[in-house]
Amino acid sequence: MSDPGTGFREEFSESSLLKKGVSKFHVAAIVGIPLAAILFQVYVPRFFQFLSYLELPLLVTVYFSLMRRSPIAGVLFGAGIGLAQDSLSHNPLGMFGIVNTLVGYFAASVSQRFDVQNPFVRLVLGFFFFFFHQFFYWVLSRALLGEALEFDLQRTLVVAVLNAIVAVPLYHILDKLKVTD
């Protein structure tokens, strides 16, 4: 007679998760890549002003959320990266944390429905989540802080396209860091 719980354990074992498309990474990659992205965003635009449009912490949040395919993991990635980004920026603490948490959750939810390995899908998702990030940051700034920020739709669309174009090769490079069993 078999144990009634074995089917459950087999269904959710690590090997079956890898078969279903959940990617695994070394702990050093999970910590180091977001840290490098945040430091890039803080320091590189000081020397190269034309790179200030890149939102690498957001792109990394989207990537790890897409690859883990778990809304809970997406929330944790988004919150962690957003709060770290807040701590190094001049913005009020929690704004990027809240927005990146939402992005992480929705990116992970989307990854459960679509093949996120396709470069075109990654391009569209990079565009969409950048726009989503900017829009919700604007909404939260107005609602929570009472700031009258201007939402420049044309500039946001152009920068979203540029970030989406950067996202495709960045995600391809990050794919090389996956752990294979």
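Reply: S109 is a handy way in: at 22% relative accessibility, S109 counts as partly exposed. Buried here is under 20% relative accessible area, exposed is over 50%, and partly exposed is in between, with a 1.4 Å probe and protein chains only. Bear in mind that this is a predicted model, where local features need pLDDT of at least 70 and side-chain atom pairs count only at pLDDT 80 or more, while totals for chains, interfaces and linings use all residues. Residues are numbered from 1 along each chain as its sequence is written, and side-chain values use heavy atoms, leaving out hydrogens and water.

S109 belongs to helix α6, residues 95-111. Helices are DSSP runs of H or I with at least four residues, strands are E runs of at least two, and both are numbered from the N terminus. The side chain of S109 comes to 3.0 Å from the backbone oxygen of Y105. That is a polar contact, meaning a pair of N or O atoms within 3.5 Å; within protein, one must be able to donate a hydrogen and the other to accept it, and residues adjacent in sequence count only if both atoms are side-chain atoms.

Now for α6 as a whole. Its 17 residues reach 24 Å from the first C-alpha to the last, close to the 24 Å expected at 1.5 Å a residue. The expected span is 1.5 Å times one less than the number of residues. Its buried residues include M95, F96, G97, V99, N100, T101, V103 and G104. The buried residues of α6 pack against α4, α5 (71-87) and α7, where contact means heavy atoms within 4.5 Å.

N100 is the one to zoom in on. It sits in α6 and is buried, with a relative accessible area of 0%. Leaving aside neighbours within four places in sequence, N100 is in contact with L58, T61, G78, I81, G82, Q85 and H133. Take T61 from that list: T61 lies in α4 and is likewise buried, with a relative accessible area of 0%. Apart from its own neighbours within four places, T61 is in contact with G78, I81, N100 and G104.

R69 has a positive phi of about 55° although it is not a glycine, and at 18% relative accessibility it counts as buried.

On to α7, residues 119-144. Its 26 residues should span 38 Å at 1.5 Å a residue, and the end C-alpha atoms are 36 Å apart, which agrees. At the start of α7, a side-chain oxygen of N118 reaches to within 2.8 Å of the backbone nitrogen of F120. Just after α7, G146 takes a positive phi of about 70°. Among the buried residues of α7 are R122, L125, F129, H133 and Y137, and its buried residues pack against α4 (56-68), α6 and α8 (153-175). H133 is also on the contact list of N100.

R122 brings in some charge. A salt bridge is a side-chain nitrogen of Lys or Arg within 4 Å of a carboxyl oxygen of Asp or Glu, and by this rule the count comes to two. One joins R122 to D175, with the closest N and O atoms 2.8 Å apart. R122 lies in α7 and D175 in α8, so the pair ties together parts that are 53 residues apart in sequence. Both R122 and D175 are buried, with D175 at a relative accessible area of 19%. D175 also meets K178 in a salt bridge, at 3.6 Å from N to O. K178 is partly exposed, at 22%. Put together, R122, D175 and K178 are linked in a network of salt bridges.
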